[in-house]
Amino acid sequence: MTANSRYKSKAALLHWINMVSFAADDAALYLDTHPQDQEALAYFANYSGLRRQAMEDFAEAFYPLTRDASQNSRQQWDWGAGPLPWEGGC
Amino acid sequence: MWNYEKRLQYPVNITKTNPQIAQVIISQFGGPDGELAASMRYLSQKYSMPDKKIAGLLNDIGTEELAHLEMIGAIVYQLTKGITPEEVMASGFEKYYVDHTTGVWPQAAGGIPFNACEFQSKGDPITDLTEDLAAEQKARSTYDNILRLVKDPEVCDPIRFLREREIVHFQRFGEALRMLQDSLDAKNFYAFNPSFDCAKPNSCK
């Protein structure tokens with residue numbers, strides 16, 4: 001998936017977040033036992049950066065996925081916004 | 001501490017209920033080789049793990065297991081959402097239903113409640129990591145057993161993801177055990193317990 005297609009829809013952006021987050025999570029476990037692997041460090045840095053940007057984009061366009069991404073400028077508490085993950089669609 | 005992220009680690013979108021298969025899959029919520037036991041095992045063992053890198057690995061894998069617990073809960077929930085009393089009776093779900101309705105509660109498929117005796121925190125790093133390797137294989141076998149019974153691709157898909165993670169965690173724990181043994185007496189790994197006999201600074205130098 002290219003960076004441009006991330007913005008097609010909420011579902012597409014969430015799918016992108018799931019993909020880049022998984023890549024970063026899996027690389028993190030590998031790095032726990034191979035902390036000096038330069039290739040893995042670069043891989044993690046790449047996906048971690050893509051994830052950070054996508055999480056910000058998602059909060060900006062839809063609703064916050066973490067409490068830290070909550071948009072304080074809005075007039076109401078937005079942490080409860082969006083569907084619950086276990087209801088499907090997330 | 002932990003921060004919640006409002007998404008599942010891997011999506012669960014089940015459109016067809018099946019209370020019979022929900023009763024099987026619930027074993028990975030609160031059963032002997034389930035995700036709750038996995039998470040509690042690693043998050044309990046981390047304190048006495050003498051190698052900082054391995055303690056960090058236990059913390060990270062224990063955290064991922066919490067995300068897996070949430071996925072299994074979502075699968076069980078979506079498989080039973082909106083079922084009728086007739087469907088409860090026809091699917092053999094009535095024994096669970098009478099105590100929990102369609103609430104998700106940690107139990108094994110056979111109805112045995114979740115119990116901390118399903119895992120160990122032995123305070124001996126060789127023992128604990130060997131248990132962790134076995135735990136990942138037991139969970140993988142359970143997912144294999146589930147996959148033989150499940151026909152719905154919407155259920156198989158997230159179960160296959162979870163099965164694959166057991167294999168990755170097994171690999172990481174194998175590396176952790178080797179790292180630990182490399183730091184012990186190669187002539188006798190069991191000469192002392194580095195978590196206990198060496199707990200005070202410089203006591204095993």
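A salt bridge is taken here as a side-chain nitrogen of Lys or Arg within 4 Å of a carboxyl oxygen of Asp or Glu. By that rule, three salt bridges are found across the interface of chain A and chain B, and one of them joins Arg165(B) to Asp26(A), with the closest N and O atoms 2.9 Å apart. The model is a predicted one, in which local features need pLDDT of at least 70 and side-chain atom pairs count only at pLDDT 80 or more, while totals for chains, interfaces and linings use all residues. Residues are numbered from 1 along each chain as its sequence is written, chains are lettered from A in the order in which they are written, and side-chain values use heavy atoms, with hydrogens and water left out.

Counting as contact any heavy atoms within 4.5 Å, the interface takes 28 residues from chain A and 28 residues from chain B. The buried area, meaning the accessible area (1.4 Å probe) that two parts lose on being put together, summed over both, is about 2,300 Å², of which carbon and sulfur atoms give 54%. On the side of chain A, Leu29(A), Thr33(A) and Trp86(A) lose the most area to chain B, together 26% of what that side buries.

Inside, a nonpolar core is a set of buried (under 20% relative accessible area, 1.4 Å probe, protein chains only) Ala, Val, Leu, Ile, Met, Phe, Trp, Tyr and Cys residues joined through side-chain atoms within 4.5 Å. The largest such core has 28 residues, and Ile72(B) and Val155(B) are among those that touch the most other members. Leaving aside neighbours within four places in sequence, Val155(B) is in contact with Ile14(B), Ile25(B), Ile75(B), Leu79(B) and Val150(B).

Key
Buried means under 20% relative accessible area, exposed over 50%, partly exposed in between (1.4 Å probe, protein chains only).
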